[in-house]
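Me: I would like a close look at a single part of this model, taken slowly and with its surroundings included.

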Amino acid sequence: MPSEREIFGISGPLHLTHVDWKNPDYRRSVAATLVQGAYILERDRQQNRYGSEALATLWWEFFHFQLIRTLIDDADSSIFGAIYELKSPTYFAPEAPKYVIAFRGTITKGESFSRDLKLDLHFIQNVLHRSSRFEIAMQAIRGVVSAGDLNVWLAGHSLGSAVALLAGKKMAKMGVFLEAFLFNPPFISAPIERIKDKKLKQGIRIAGSFITAGLAVAVKAREGTRSTEWFAQLASWVPCLFVNPADHICSEYVGYFEHRKKMEEIGAAGIGRLATQNSIVDIFLSALGKESEPLHLLPSANLTINLSPSPDFKAAHGIHQWWRPDCQLKCMLYHYK
């Protein structure tokens with residue numbers, strides 16, 4: 001039997017009977033719902049639910065989208081993403097997307113789990129960009145963009161948001177800035193954000209910035225590292241990040257951006273800029289001659305924090321929270337200068 005979370009009539013955003021594409025709450029909810037559609041496509045496949053038994057269709061048809069392609073992983077034939085096209089003329093508006101490319105996250109049930117877990121490890125090792133799943137995603141994005149319509153959204157949750165973020169960064173480096181909705185994007189770091197003592201937390205972050213900046217300068221002086229010009233080049237791309245402080249997988253983004261402002265306040269803006277462009281893991285890998293792609297390093301972002309109480313980690317990390325009408329949200333725009 002399907003769970004209630006898979007059934008649109010029970011768990012979907014039924015309150016959104018009309019979409020105001022200028023409203024960020026509506027845009028967030030639609031993007032999250034289409035990501036859920038990608039999840040349910042794979043669950044339908046695993047459960048052999050086809051035709052009238054399939055549950056995925058309502059997750060996009062409710063907003064007048066049609067599914068034009070599923071993205072299939074070549075390693076296990078699982079569905080990891082979907083490309084949607086907005087079809088209803090009544091829904092067209094300059095702010096509405098023509099296409100949405102959505103990526104699901106890890107599914108802990110079924111035969112896709114082992115492949116998803118392997119890609120989670122790729123992310124931790126900063127080598128997600130080498131995976132065939134990411135290459136399939138990039139080919140799909142390039143295909144949609146090359147058709148001449150740049151009104152394209154990228155959306156993803158958890159592992160899927162990592163794929164969308166990496167793809168968005170690569171497109172931005174080529175001068176193509178796509179709107180991105182990244183739900184619970186993973187940030188691999190020590191759980192500093194969970195420290196309750198504010199002064200201790202700030203002290204650890206400040207010390208970490210000086211260490212990271214020092215290592216970056218030392219390694220560059222000794223061996224040379226890749227240029228950080230790419231960081232400034234990405235400053236015009238402002239993806240939307242949606243994080244929950246109770247979710248340790250993504251909560252470090254809160255401190256990552258807040259700390260940059262703190263370094264400016266204490267007169268260490270230069271150190272802060274250098275630290276925010278580098279990660280210690282990437283510095284060591286570069287020193288060893290290994291290529292890596294530190295995903296969490298972002299110059300700019302529109303950060304939305306869900307301050308609503310979460311009963312457990314599953315709720316804090318789940319996709320369903322992002323279309324709830326009663327969310328207590330805090331939004332901050334961070335633009336790298």
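This is a predicted model: local features need pLDDT of at least 70, side-chain atom pairs count only at pLDDT 80 or more; totals for chains, interfaces and linings use all residues.

Is Arg115 buried or exposed, going by its relative accessibility?

Reply: Arg115 has a relative accessibility of 10%, and because buried means under 20%, Arg115 counts as buried. Its side chain meets that of Asp73 in a salt bridge, with 3.0 Å from N to O. Since Arg115 lies in helix H4 (residues 113-124) while Asp73 belongs to the loop between S1 and strand S2 (79-86), the pair ties together parts that are 42 residues apart in sequence. Asp73 is buried as well, with a relative accessible area of 0%. In general terms, side chains of opposite charge can pair when their charged atoms come close.

Salt bridges occur elsewhere too, and a search of the whole structure finds 14 of them. One of these joins Glu42 to Arg45, with the closest N and O atoms 2.8 Å apart; because the two residues are three apart in helix H2 (residues 24-46), about one helical turn separates them. Glu42 has a relative accessibility of 0% and therefore counts as buried. Another salt bridge is formed by Arg49 with Asp44, where the closest N and O atoms are 2.8 Å apart, and both Arg49 and Asp44 are buried.

Residues 113-124, the stretch of helix H4, also contribute to a nonpolar surface patch of about 420 Å², which is made by Phe113, Leu117, Leu121, Ile124 and Ile188. Ile188 is found in the loop between S5 and helix H7 (198-222), and with a relative accessibility of 45% it counts as partly exposed.

The strands form an open sheet of eight, in the order S1-S2-S3-S4-S5-S6-S7-S8, with mixed pairing. Strand S1 (65-72) and strand S8 (329-334) stand at the edges with a single partner strand each, so one side of each is left without a neighbour in the sheet. Neighbouring strands of this sheet are turned by 15 degrees against each other on average, direction ignored.

Within the sheet, strand S3 (residues 99-103) and strand S4 (residues 152-157) run parallel and are joined by five bridges, with Ala102 standing opposite Ala155 in S4. Strand S5 (residues 179-183) runs parallel to S6 and is joined to it by three bridges, and the bridge partner of Leu182 in S6 is Leu241. On its other pairing, S6 is joined by four bridges to strand S7 (residues 301-306), again in parallel, and Cys240 stands opposite Asn302 in S7. Both faces of strand S6 (residues 240-243) are covered, with Cys240 and Phe242 on one side and Leu241 and Val243 on the other, all of them buried.

Just after H6, Gly175 takes a positive phi of about 85 degrees. Val176 lies in the loop between H6 and S5, and with a relative accessibility of 18% it counts as buried. Val176 and Trp237 are 61 residues apart in sequence, and their C-alpha atoms are 8.9 Å apart in space.

Notes: Residues are numbered from 1 along each chain as its sequence is written. Side-chain values use heavy atoms; hydrogens and water are left out. Buried means under 20% relative accessible area, exposed over 50%, partly exposed in between (1.4 Å probe, protein chains only). Two strands pair if DSSP finds at least two bridges between them. Patches are made of residues with over 30% relative accessible area and no salt bridge: like charges are joined within 9 Å, nonpolar side chains (Val, Leu, Ile, Met, Phe, Trp, Tyr) within 5 Å. Accessible areas come from the Shrake-Rupley method with a 1.4 Å probe; for residues, only the protein chains shown count as cover. A salt bridge is a side-chain nitrogen of Lys or Arg within 4 Å of a carboxyl oxygen of Asp or Glu. Axes are lines fitted to C-alpha atoms, for helices over the stretch in contact, and angles run from 0 to 180 degrees between N-to-C directions.
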